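Hello,

Here is the structure for your files. My notes on its contacts follow below.

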Amino acid sequence: MAPRGTLEVQLVGAKDLKNMDVGMMDPYCVITYKDQQKKSGVARGQGSMPDWNETLLFTIAGAEDDLSIKIYDQDSGSLDDYVGELKIPLDAIVTDTGCEGRMPPTPYEVTRHDKVKGEITIGLYFNPEPGHESRGDCRDDEEEEEED
């Protein structure tokens with residue numbers, strides 16, 4: 001049975017984003033999982049070092065797809081500029097054991113045309129759907145040691 005539950009994407013911030021035009025950047029992210037797409041708030045006037053500190057929720061049914069994150073610079077009066085993107089495989093935290101999965105805020109490279117355009121920090125938390133049959137022991141090794 002494929003894992004089902006909620007994925008919390010903790011969008012922390014970014015640094016050294018490549019400014020795509022003249023003036024201060026107003027970056028935002030578009031995060032996609034399968035057919036679900038969420039847009040972060042715009043970090044107005046924060047330039048290449050934005051802090052979003054947002055949590056976006058996705059419904060998960062399997063870990064076969066990556067989480068896709070694209071970063072844009074909002075422009076008024078013209079199309080928004082594409083800064084870069086990254087993909088995060090979910091198979092490390094969304095497993096078929098039915099256990100929670102957690103990845104603390106971690107920096108990832110943002111790339112465009114195979115060139116690094118900055119760094120974004122994202123944390124992930126998978127909360128399995130209640131009643132999902134667990135096929136493994138979800139306790140951490142530390143908890144097992146405490147019980148011994």
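Arg4 is partly exposed at 33% relative accessibility, where partly exposed is the range between buried (under 20% relative accessible area) and exposed (over 50%), with a 1.4 Å probe and protein chains only. The side chain of Arg4 meets that of Glu129 in a salt bridge (3.5 Å, N to O), defined as a side-chain nitrogen of Lys or Arg within 4 Å of a carboxyl oxygen of Asp or Glu. Arg4 is in strand 1 and Glu129 in the loop between strand 8 and helix 1 (141-147), so the pair ties together parts 125 residues apart in sequence. Helices (H or I, at least four residues) and strands (E, at least two) are DSSP runs, numbered from the N terminus.

This is a predicted model: local features need pLDDT of at least 70 and side-chain atom pairs pLDDT 80 or more, while totals for chains, interfaces and linings use all residues. Residues are numbered from 1 along each chain as its sequence is written, and side-chain values use heavy atoms, without hydrogens and water.

The salt bridge count is three. Another one joins Glu119 and Lys15 at 3.7 Å; Glu119 is in strand 8 and Lys15 in strand 1, 104 residues apart. Asp65 also pairs with Lys34, at 3.9 Å between the closest N and O atoms.

Ser68 is in strand 5 and is buried, at 11% relative accessible area. Leaving out residues up to four places away in sequence, Ser68 is in contact (heavy atoms within 4.5 Å) with Val30, Ile31, Thr32, Leu86 and Lys87.

Regards
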